[in-house]
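The following note sets out numbered points on the structure shown below.

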Amino acid sequence: MPFVNIKKQYLAIGMLVFVLLFLFNTRPAFQCQFNAEVSPYLPVIYGITPTYVRLAQKADLTRLSQTLMHVKNFHWVVIEDSLEKTKLVANLLKESNLKYTHLNIKTHKTKHSTPVPLMRIKGARGLLASGVEQRNLALDWLRGHLDKSENKAGVVYFMDDDNTYSLKVFDEMRKVKRVGVWPVGIVGGMRVEMPLVSDGKVSGYNAWWKPFRPFPIDMAGFAINATLFLEHPEAKFSRKVQSGFQESEILKYFTTKEELEPLADNCTKVYVWHTRTQKPSILNPKKLKRPIVPDDHIEV
Ligand code: UGA
Ligand code: MN
């Protein structure tokens, strides 16, 4: 009998080890399976992305959406700068399996607006800022959505469609209490534009482009607690401010330099890059001496 008991003990220990090994081994698969799903314990990240029709749009949105597929509790608010929603964006969103809201509003260009090529010159950046109407529409949607939501915990991140985002930046922004900040790579003529931190507080900024901005930070370098948008229904972007001041325009409603929460290892790590997709140059089929097969029916 004692012999049988010992065997049972061995069996029990063996099974325990097996179960532990099984759990340990399957953990990555487990995480993977639940990646894009919703957890009640994580604040929702509302990524707000204006976008407009251009040749590289699908390429840019594909790259971005495939990054976002790896982010838990993410809600993508995509606002097209157009009178109508396009099929290209609608299909891309549908096929992404992401949680999303698709909106559209056309930028109101006055007679005196700067033409597109000029406004995209770096440094002159945005004599007519992009994304103002689109982001404001998204904020209206957000307020309505949060009003109805039981769980209002969330964080708002304004994301250009052509930037490059490390998954780490999303982990950082979930720590935000009011407004969190971090460095942005390759922007404003610098390798990295970043808040300077001493004793855990933002003491200044390392920015070359318009350093007199109240918050010399790029749009990709901060996130805001979503509930603050309910506390400040007046907070929005404005067409009335000079170029490069949109970030300061929205931040001024919520925070001061002293209150900013430095993230990404006290603002020493770069987890987002202000990359810009080069405008592709395409041959004009009408001007070609040798005919080419028409490709208008193919979505690029
Ligand atoms: C910089 C900032 O990173 C942007 O957040 C800011 O909106 C912009 O300057 C500005 O103030 O104009 P930059 O690379 O110069 O970014 O701008 P884009 O990436 O061309 O545009 C920013 C966002 O607006 C993009 O998601 C883009 O798709 C969208 N956009 C651009 C429009 O919706 N309509 C346009 O006519 C142009
Ligand atoms: Mn950009």
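1. Residues 24 or more positions apart supply 76% of those contacts in the protein chain that have a separation of 6 or more; contact here means heavy atoms within 4.5 Å. The model is predicted: local features need pLDDT of at least 70, side-chain atom pairs count only at pLDDT 80 or more, and totals for chains, interfaces and linings use all residues. Residues are numbered from 1 along each chain as its sequence is written, chains are lettered from A and ligands numbered from 1 in the order in which they are written, and side-chain values use heavy atoms, with hydrogens and water left out.

2. The protein chain holds nine helices and twelve strands. These elements are DSSP runs numbered from the N terminus, helices being H or I of at least four residues and strands E of at least two. Of the 300 residues in the protein chain, 45% are buried. Buried means under 20% relative accessible area, exposed over 50% and partly exposed in between, with a 1.4 Å probe and protein chains only.

3. Seven strands form an open sheet with mixed pairing, in the order β3-β2-β1-β4-β10-β6-β11. The edge positions are taken by β3 (99-104) and β11 (261-262), each of which has a single partner strand, so one side of each lacks a neighbour in the sheet. Two strands pair if DSSP finds at least two bridges between them. Strands β4 (residues 154-158) and β10 (residues 222-225) are joined by two bridges in the antiparallel sense, and Val156 has Ile224 in β10 as its bridge partner.

4. Helix α3 (residues 87-96) packs on this sheet and touches β1 (44-51), β2 (74-80) and β3. The direction of α3 makes about 170 degrees with that of β3; axes are lines fitted to C-alpha atoms, for helices over the stretch in contact, and angles run from 0 to 180 degrees between N-to-C directions. Helix α5 (residues 132-148) lies across β1, β2, β3 and β4, at about 150 degrees to β1.

5. Strands β1 and β2 pair in the parallel sense over seven bridges, and Thr49 stands opposite Val78 in β2. Strand β2 is mostly covered, with seven of its seven residues buried. In a regular strand the side chains alternate between the two faces of the sheet. In β2, Phe74, Trp76, Val78 and Glu80 point one way, while His75, Val77 and Ile79 point the other way.

6. How do the axes of α2 and α3 cross? The axes of helix α2 (residues 57-68) and α3 come within 11 Å, with a crossing at roughly 20 degrees. The two helices α2 and α3 are therefore roughly parallel to each other, where angles under 35 degrees count as roughly parallel, over 145 as roughly antiparallel, 65 to 115 as roughly perpendicular and the rest as oblique. Gln57, Lys58, Leu61, Thr62 and Ser65 of α2 meet Leu88, Val89, Leu92 and Ser96 of α3. The residues of this contact comprise four nonpolar, four polar and one charged; Ala, Val, Leu, Ile, Met, Phe, Trp, Tyr, Cys and Pro count as nonpolar, Asp, Glu, Lys and Arg as charged, and the others, Gly among them, as polar.

7. Asn73, in the loop between α2 and β2, has a positive phi of about 45 degrees although it is not a glycine. Lys210, in the loop between β9 (201-206) and β10, likewise has a positive phi, near 45 degrees. Most residues other than glycine have a negative phi. Asn73 is buried at 4% relative accessibility, and Lys210 counts as buried at 17%.

8. Ala226 occupies the loop between β10 and α7 (228-231) and is buried, with a relative accessible area of 0%. Neighbours within four places in sequence aside, Ala226 is in contact with Tyr46, Leu146, Lys152, Gly154, Val155 and Val156. Ala226 and Leu142 lie 84 residues apart in sequence and 8.3 Å apart in space, C-alpha to C-alpha.

9. Pro195 belongs to strand β8 (residues 190-198) and is buried, its relative accessible area being 4%. Not counting residues up to four places away in sequence, Pro195 touches Val181, Trp182, Pro183, Val202, Gly204, Tyr205 and Cys267. From Pro195 to Leu260 the separation is 65 residues in sequence and 9.5 Å in space, C-alpha to C-alpha.
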